[in-house]
Amino acid sequence: MARPIRVAVVGAGFGGLAAALALAERGAEVVLFERLRYAGGCAATFTHRGRRFEAGATLFAGLGRTGLFTRWLARHGFELPVEFPDPVLEMCTPAWHIAVPASRAALVERFCALPGAPREGIQSFFEEQGRIASALWKILEDPNSIPATTAELLPQIKRAPSLLPLARWIGRPLTAVLARHGLAGFEPMRSYVNAVSQITVQCSAAEAEAPFALATLDYFHREAGHVVGGIGVLADTLVQAIRRCGGSVSFTNAVRAIRRRDARWVVEARRGAQEFDGIVADLLPQSIAQMLGDGVGAKRLAALSRDVERGFGAAMLYRSLPASSTPQGSSHFELIADPTKPFVEGNHIFGSLSAGENGAGERSVTVSTHVDLSVLRSLDEQQRGARVAEIQARMRATLDALGPEWVRHPELEVTASPRTFERFTGRWQGFVGGIPRRAGLRAYRGWLPAPIDPGLYLVGDSVFPGQSTLAVALGGIRVARRILNDLL
Ligand SMILES: Cc1cc2nc3c(=O)[nH]c(=O)nc-3n(C[C@H](O)[C@H](O)[C@H](O)COP(=O)(O)OP(=O)(O)OC[C@H]3O[C@@H](n4cnc5c(N)ncnc54)[C@H](O)[C@@H]3O)c2cc1C
C-alpha cells in the first residue's frame, strides 16, 4: 500500500488551521506546527491576569447558518456559540451617528434619513453594490468555487456572466463608484465607505480596488457573527477537528528552518527535525525567506514581501469592564474623530465588546487602529515607543469623545503595538491585516495558487484571496487541494 502524503503546516493561524483540516480530511498525514501554546494567530483569544481578550479579529463572516465555518464544523459534529448583533455596529463621527443594521435595505433607509441626503444616489449606489457583492460572495461562501488548479478553472467559466456587472470597475477606485452615483460630496457616505474599506481591504476608498471594496461593503449584511467566549473558541474547535481526522497539532514548537533534502523537505523545529513531502507555510513571505535561507523562491518571496510592506501594523487597547456597566450581547463600534484626516493611527478606531464574560466576571473590549509602519520603521527604538504611545493616546481620546459611556471606566487596560504582534504571532516587523487591495490589476495577482518551490506553498493574508479570517480559511482549503494535486 502506498504511504500517505506527509505535509507540514507551519503556523496555526486561520490559513494554517484550514489547510491542515482540509489536508487531514483528504487522507494526508499532517503535522501542524505552532510557536504559541494556542491557535488562532491574529484571530486568537489570549489570557492576561485571569481575563480572556481577543487579540485582533472579533467580527466574522462565515459563521451564519450557511456559512463556511458552520457547515464545516457541523460535518465534524461541532456547533459554535455565536451571537449575530443587529445593529451590527455603531458608526460615529462628531457630526453624525448611524446604527448599522444587518439588513442592507434598512441601512439605505438610515442614510436616506440623514439631513441633506441625496436619496436617489444612495439607493442606486447600494443597488449596484449589492449586485456586485452577490456575485462575489458566492465565491466566498463555497470553497469549491475558488479554483486551485488550472483544471478547476474551466467549470468556473460558466459563472462568468454573473461577474459582468463588476467588469466596468476593474482597475478603478471605490470613490469612482461613489462619484457615478452623485455621492462624492455627501460626507456620511464618503466616511462610511472609507471606514469599511480601511478595516476590510486595508486602504481608503480613494485607493481601494472597487470590485473588492464593493464586495466587502456587504460584510455587515452577511450574518456577521461574534463567537461567545472569543474567536479562540473557533480556533480550538478546528484543532479538535484536525486531531479527530488523525492530524497532529504541535504547540510551542516553533519552526526554525526549512530545507530541501532530495525530493523531500526537512522541517527543523524547536522539538526536533522531521521530513515531509510538502510544506504549507502560514507565514509572511519575509519569515519563510529567513527560514529557507538559501535563496529558494527568492524572487517571488521578494515580490510578495514588497506587497506586505505596503500594508499596516496595528495598535491595540484591551480593556476589562465591570459586566454590570455593559449592554446585553456583543457590541461593536467604529469611531472617526476627524473624517477629513486619514482613517488610521487613532483618528479611526474599531472596537468590540466580548460576547460573554471574560473569566473574571467582567467583559473585555478589543480596540484597534491601523499604524503606518513606513513611518514607524524609519524611527529609532525610543522614538518608536513614543510614537506608538501617542497613537494609543489618540485612540483613548477618540474613545472618550465618541465611544459609548460604558467603555470609559475600565478595571484594567492593556496595550499592544506592532512589536507585540511580532513578538507573539511572529508577524515580521508587526505587519498585520493583509495586503491592501489598492486599485489596479495588480490586486488580482496570484489569484491561482503557485508554489514558492515545488511542494512549498504560502497561505494566510499575504496571498490571494487575502484579508479576513474567512478569506484566509478559503485560501488554506484551496492550497490543500492544490498541494495534494501536485504531490499525488
Ligand atoms: C487588529 C486586527 C483586527 C482584525 N479584525 C478582523 C475581524 O474583525 N474579522 C476578520 O475576519 N479579520 C480580522 N482581521 C484579519 C484577520 O485576523 C487576519 O487576516 C487573519 O487572522 C490572518 O490569519 P493568517 O492565517 O494569515 O495568519 P496569522 O493569524 O498571523 O497566524 C500565523 C500563525 O503562525 C504562527 N507562527 C509564526 N511563526 C511561526 C513559526 N516559526 N513556527 C510555528 N508557528 C509560527 C503564529 O504564532 C500564528 O499563530 C484583523 C486583524 C487584526 C490584526
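1. The axes of helix 1 and helix 16 approach to within 7 Å and cross at roughly 40 degrees (axes are lines fitted to C-alpha atoms over the stretch in contact, with angles from 0 to 180 degrees between N-to-C directions). The contact involves, among others, Phe-14, Ala-18 and Ala-22 of helix 1 and Val-472, Ala-473 and Ala-480 of helix 16 (C-beta atoms, placed from the backbone, within 7 Å). Its residues divide into eleven nonpolar, five polar and no charged; Gly counts as polar here.

2. A word on the basis: this is a predicted model, where local features need pLDDT of at least 70 and side-chain atom pairs 80 or more, while totals for chains, interfaces and linings use all residues. Numbering runs from 1 along each chain as its sequence is written.

3. Helix 1 (14-25) and helix 16 (469-487) each supply at least two residues of the shell around the ligand. Of the 39 residues there, Gly-11, Gly-13, Gly-41, Gly-426 and Gly-460 come nearest (a residue is near if its C-beta atom, placed from the backbone, lies within 6 Å). By class, the shell has 17 nonpolar, 17 polar and five charged residues.

4. Domain 1 (6-82 + 229-308 + 433-487) and domain 3 (311-426) both give residues to this shell, so the ligand shell lies between them. The domain bounds come from an automatic or database assignment.

Note on methods
Helices (H or I, at least four residues) and strands (E, at least two) are DSSP runs, numbered from the N terminus. Two residues are in contact if their C-beta atoms, placed from the backbone, lie within 7 Å.
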